Amino acid sequence: MLKKMDFDEKQSFVLGGNAMMVKLSRFSWPPLLILITLLALLSFQITSKTVYPMKIAFTSSTSKDDIVADSRTCVGFFGELPERKAVISIKDFGGVGDGKTSNTEAFRKAMRYVQGFGERGGAQLNVPEGRWVTGSFNLTSNFTLFLEEGAVILGSQDPKEWPIIEPLPSYGRGRERLGGRHISLIHGDGLANVVITGNNGTIDGQGKMWWELWWNRTLEHTRGHLVELMNSQDILISNLTFRNSPFWTIHPIYCSNLVVKDMTILAPLNAPNTDGIDPDSSTNVCIEDCYIESGDDLVAVKSGWDQYGIKMARPSSNIIIRRVSGTTPTCSGVGIGSEMSGGIFNVTIEDLHVWDSAAGVRIKTDKGRGGYIANITISDITMERVKIPIRFSSGSNDHPDERWDPKAVPVVKGVSITDLISFNSTKAPVLEGIEDAPFGGICMKNISLLGVVSSASWRCEFVSGFANDVFPTPCPQLQIDNSSSWCSYS
């Protein structure tokens, strides 16, 4: 039987728990009545008041004492906000924020300098108000990149300032083109204790040049991401706006202990493959309180491509995605896959709000992928004008090369969807498994797809599971089960 994280495991993953014990040494009615009254008042305040997410208000002098642990957020599992020994400005390295001058060498020189503080308390690089044009640069460990209010980092329009690097081992080649790939604008490999934050500054990839290469079919190498961190741990990305990424916007791969929160991610709705946040072969990831508009999935969980991902066998696991909102006219609010060959398990998606999108939640895979998708929990979802609210699909027919194995079929088992409402939907759900590997343990409860006519037929094949309190009536493959153990599977 597949095991979901129990309460204690989730608590240790997020923040850890504290317990308080109260012992009454003697019985006395008046104090007891006062205590009961006080508890009742506190209970009323807790249960009737709207709960707002904690916003970390970073400043250029933020210290660890400014953060208060909050059990409604994941920021605690990152640890205390580090105090950096050295705080410097990009201006100290000749940076000019006029929107024209290239600052590539200034950023690279600054990064070479701060490497010297890695074992001496770390360093923080401040980017002040201005428009700072730069090519790609690499971060270092024990480091904070801080964008002050009004600061905008602009991606260079010279492709040579986005050098070609080796393909990812779990992909075997560039995702779009054979061979290598362009490095991301902000990059890091093998790092620890990295913070990218600020006072609502902006990183703008100026991706139109790259999108046109894609549209015109003149792209020679796979486009670069806006931010990519590889083989890294203890990462916090927060309180910024990322926009106009050439390709996927935030791509952590082979990483652990990552928090992305309070981010705004924007791209034109027709910008190709501009996913918002794509955790890839990574574990212990929290994505929360983000607003995303993009030309692809708002969030997509991945873990490698076909035989290369199977060989590396590096899964994505223990991932929380909550309080994410946005729109994508061509793709989904949250997608699992389609590159999932290393395995994906223990993913929690909650408080998602999606509108004017092609799909709400989607699981994507295919023959040749191998791997597995297990223990996916989806709850408290609101959709408006979403074409297909729930979609499980196969048949993408997208493989890295001719060496993919058609006998490598994925295992999909244990997907729970509860408390979902969709307004003005146009189509019933589509649940398409794979003939040689049907999707099992699909459990749905308290789902209302308003706008879909009651006679609308779900499109289901090669799936099995249970349903309870679902409208319109689901396909026969989802048995109606009113028992207390309605969503159990083995």
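Is Cys-475 buried or exposed? Cys-475 is buried, because its relative accessible area is 5%; buried means under 20%, exposed over 50% and partly exposed in between, with a 1.4 Å probe and protein chains only.

All views show a predicted model, where local features need pLDDT of at least 70, side-chain atom pairs count only at pLDDT 80 or more, and totals for chains, interfaces and linings use all residues. Residues are numbered from 1 along each chain as its sequence is written, and side-chain values use heavy atoms, leaving out hydrogens and water.

**View 1. Cys-460 and Cys-475 form a disulfide.** Their sulfur atoms lie 2.1 Å apart; a disulfide is a pair of cysteine sulfur atoms within 2.5 Å. The link is left-handed, with -80° about the S-S bond. Cys-460 sits in strand E30 (residues 459-461). Cys-475 sits in the loop between strand E31 (463-471) and strand E32 (478-480). The two are 15 residues apart. Strands (E, at least two residues) and helices (H or I, at least four) are DSSP runs, numbered from the N terminus. Cys-460 counts as buried, at 14% relative accessibility. A search of the whole structure finds one disulfide.

**View 2. Two further cysteines are Cys-331 and Cys-443.** Cys-331 counts as buried at 15% relative accessibility. Cys-443 is buried too, with a relative accessible area of 0%.

**View 3. Four strands form an open, parallel sheet.** The order is E5-E10-E13-E16. Two strands pair if DSSP finds at least two bridges between them. Strand E5 (137-138) and strand E16 (250-253) stand at the edges. Each has a single partner strand, so one side of each lacks a neighbour in the sheet. Four bridges join strand E13 (residues 227-230) to E16. Met-230 stands opposite Ile-253 in E16.

**View 4. Gly-121 lies in a loop.** The loop runs between helix H4 (104-114) and strand E3 (123-127). Gly-121 is partly exposed, with a relative accessible area of 41%. Leaving aside neighbours within four places in sequence, Gly-121 is in contact with Glu-83, Arg-84 and Lys-85; contact means heavy atoms within 4.5 Å. Gly-121 and Phe-143 are 22 residues apart in sequence and 9.2 Å apart in space, C-alpha to C-alpha.
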